[in-house]
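The following note sets out comments on the two-chain model under review. The points move from the contact between the chains to each chain in turn.

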Amino acid sequence: MRRLILIAVPYLWLLAFFLVPFLIVLKIALSDYNLSIPPYAPQLDLSQGWQGIKDFFGDLDFENFTFLTTDDLYWKAYLSSLKIALISTFITLLVGYPIAYGMAQAPDEWRPTLMMLVILPFWTSFLIRVYSWMGILSNEGLLNKLLLSLGIIDQPLIILSTNTAVYIGIVYTYLPFMILPIYAALEKLDGSLLEAAEDLGCSRLSAFWLVTFPLSRSGMVAGCFLVFIPALGEFVIPSLLGGSSTLMIGKVLWEEFFSNRDWPVASAVAVVLLLILVIPIVLFQRNQQRQQEADR
Amino acid sequence: MRRFSWFNATALTLGFVFLYLPMVILVIYSFNASKLVTVWAGFSTRWYGELMRNEAFLDAALVTLKVGIVSSTLATVLGTMGAYVMIRAGRFTGRTLFSGMIYAPLVMPEVITGLSLLLLFIGIGLDRGIVTIILAHTTFSMCYVSVVVSSRLVSFDRSLEEAALDLGASPFEAFRLVTLPIIAPAVISGWLLAFTLSLDDLVIASFTAGPSSTTLPIKIFSAVRLGVSPEINALSTIMISIVTVGVISASLVSKRAAVKRQEEERAAVRT
């Protein structure tokens, strides 16, 4: 009996606030836009009995999804989100790997401090960390002032409100997600393997390439997914650092809902985004499982 | 075989400069006397004064704290139960669905979580306000609590629980007297994580908030959309300092606890 309550409480909560809302999104994605409150049709009319239910399902269609394919705003937004997420994941890997490697090579007594320095930004507001770049990247911002005073440029660079600023924002905010799994993989590395490689005539660099780098692969893969998955649906970074030309699907969904008040299309956008995310999520799960089995 | 080379040192230095410089600049400029955010006009605490007189921000901060405390407490209870079910309850019908639902919100884009919950609240006719934000925050943060608590539950020795049961404790007593004290650190960090997530959240709160229940992130977002503002710099500085003090003191406390435990273990070995 107690066991039943223990299972039922979180189960029912998740059903009510996770699964049911998602089914509603799916249902509205199949409905039509309508000038009424709420602004979509059909509504389920149970007073009509069986006929009402039949009419309701008869009126659902895939019109919104066909609409998404015909208006190029949407597929361009999906493609550009994928592109931005991929490129920024790659840059985060390039920036994060040397830091994680440096942490793994550092003396033991530094490690707790280094760990804390990487984790601290996690606890700091995401919004504030994105915002902190607005003052640096703007036309009269600190970066331009510095470059102008050094005489490197004679015209301020336009960085804020471009995709470059979005890349910087994603790399900056998600960097800890990349560093931590790579560091975890490097820390477990058995040092005697490297000694063996060097005894057998490897240079330090080739020992790194042939031993350390391949053995940190699972950490890199985990880090890349941890950056890529949230970056794909990102809303705050493109709307604060990006410009009107920055197309990202999270922003499109937001505007479709709040500005155009087209709930059925916003829901269809959400469903397609989720379908795109299923692939990387499944791959990530596999990587984690393989990792766990290897650890055992 | 570790060798800390100049390359490692440069990577670490540049990396941490990159991670911290933007925040340091933000803190410095919050003490700028000028309203022009990029021109330094001398030291002043003017913006802190203006911030304290801005009632809209204070109201929003109060709403954010209320939502944070209630939702993270609910999320900790539900998330701990969820973790316990996942690790200890064995097989039951619908277990796959349950584990799917408990991990899915971790990877769900915030815009989708927000949209779906809003559509639910409208569907059942619940007025948007502080209650709807609490429900939304509880749902997504309970999953983070579950992950934290279940990693602790996996690693602890089950025979302790079994011993308590053999000695006549009821399952609830065994949980309260044996399991809970052992998983307490994970439960506490789960609560802190849920609390931070709630304080931090903009997207889900924007979908589920009503006109009377603006949270601090919503307020900050609508202010900075128009550009950099010295008042927001001051607010950010306050928030950054609270987090820094909190994280550093938490790590000192846990370090002291670890040292103390080691000493006790050593003393126990000696006797």
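Two residues are taken to be in contact if their C-beta atoms, placed from the backbone, lie within 7 Å. The model is a predicted one, and the points below should be read accordingly.

1. On that criterion, the contact between the chains draws 66 residues from chain A and 62 residues from chain B. On the side of chain A that touches chain B, the elements giving two or more residues are α1 (2-29), α4 (72-105), α5 (111-123), α6 (126-137), α9 (191-199), α12 (236-240), α13 (249-258) and α14 (263-295) of chain A. The greatest share comes from α1(A), which supplies 18 residues. By class, this side of chain A comprises 51 nonpolar, 11 polar and four charged residues.

2. Helix α1(A) packs against helix α4 (residues 95-107) of chain B, their axes 10 Å apart and at an angle of about 55°. From α1(A), the residues making the contact are Y11(A), L14(A), F18(A) and L19(A), while α4(B) contributes F98(B), M101(B), I102(B), A104(B) and P105(B). The contact of α1(A) with α4(B) has nine nonpolar residues, with no polar and no charged ones.

3. Turning to chain A, its secondary structure consists of 14 helices and two strands. The radius of gyration of chain A is 25 Å, whereas a compact globule of 296 residues would have one near 19 Å. Taken along the principal axes, the C-alpha atoms of chain A fill a box of roughly 80 × 65 × 35 Å. Of the 296 residues in chain A, 42% are buried. Among contacts in chain A with a separation of 6 or more, 72% are accounted for by residues 24 or more positions apart.

4. Within chain A, how do helices α5(A) and α8(A) cross, left-handed or right-handed? The axes of α5(A) and helix α8 (residues 163-188) of chain A come within 9 Å and cross at roughly 140°. That angle makes α5(A) oblique to α8(A), and the crossing is left-handed. Here V118(A), I119(A), P121(A) and F122(A) of α5(A) meet P176(A), I179(A) and L180(A) of α8(A). The contact of α5(A) with α8(A) has seven nonpolar residues and neither polar nor charged ones.

5. Chain B has 11 helices and zero strands. The C-alpha trace of chain B spans about 70 × 60 × 35 Å along its principal axes. Buried residues come to 39% of the 271 residues of chain B. Of the contacts in chain B between residues at least 6 apart in sequence, 77% join residues at least 24 apart.

6. R270(B) lies in helix α11 (residues 230-270) of chain B. Is R270(B) buried or exposed? R270(B) counts as exposed because it has 6 C-beta neighbours inside 10 Å. Between R270(B) and M81(B) there are 189 residues of separation in sequence and 39 Å in space, C-alpha to C-alpha.

Key:
Residues are numbered from 1 along each chain as its sequence is written. Chains are lettered from A and ligands numbered from 1 in the order in which they are written. This is a predicted model: local features need pLDDT of at least 70, side-chain atom pairs count only at pLDDT 80 or more; totals for chains, interfaces and linings use all residues. Helices (H or I, at least four residues) and strands (E, at least two) are DSSP runs, numbered from the N terminus. Ala, Val, Leu, Ile, Met, Phe, Trp, Tyr, Cys and Pro count as nonpolar, Asp, Glu, Lys and Arg as charged, and the others, Gly among them, as polar. The radius of gyration is taken over C-alpha atoms; the globule rule is 2.2 Å times the number of residues to the power 0.38. A residue is buried if 20 or more other C-beta atoms lie within 10 Å of its own, exposed if 12 or fewer, and partly exposed in between; C-beta atoms are placed from the backbone. Axes are lines fitted to C-alpha atoms, for helices over the stretch in contact, and angles run from 0 to 180 degrees between N-to-C directions. Angles under 35 degrees count as roughly parallel, over 145 as roughly antiparallel, 65 to 115 as roughly perpendicular and the rest as oblique. A crossing is left-handed if the near helix is turned anticlockwise from the far one by less than a right angle, and right-handed if clockwise.
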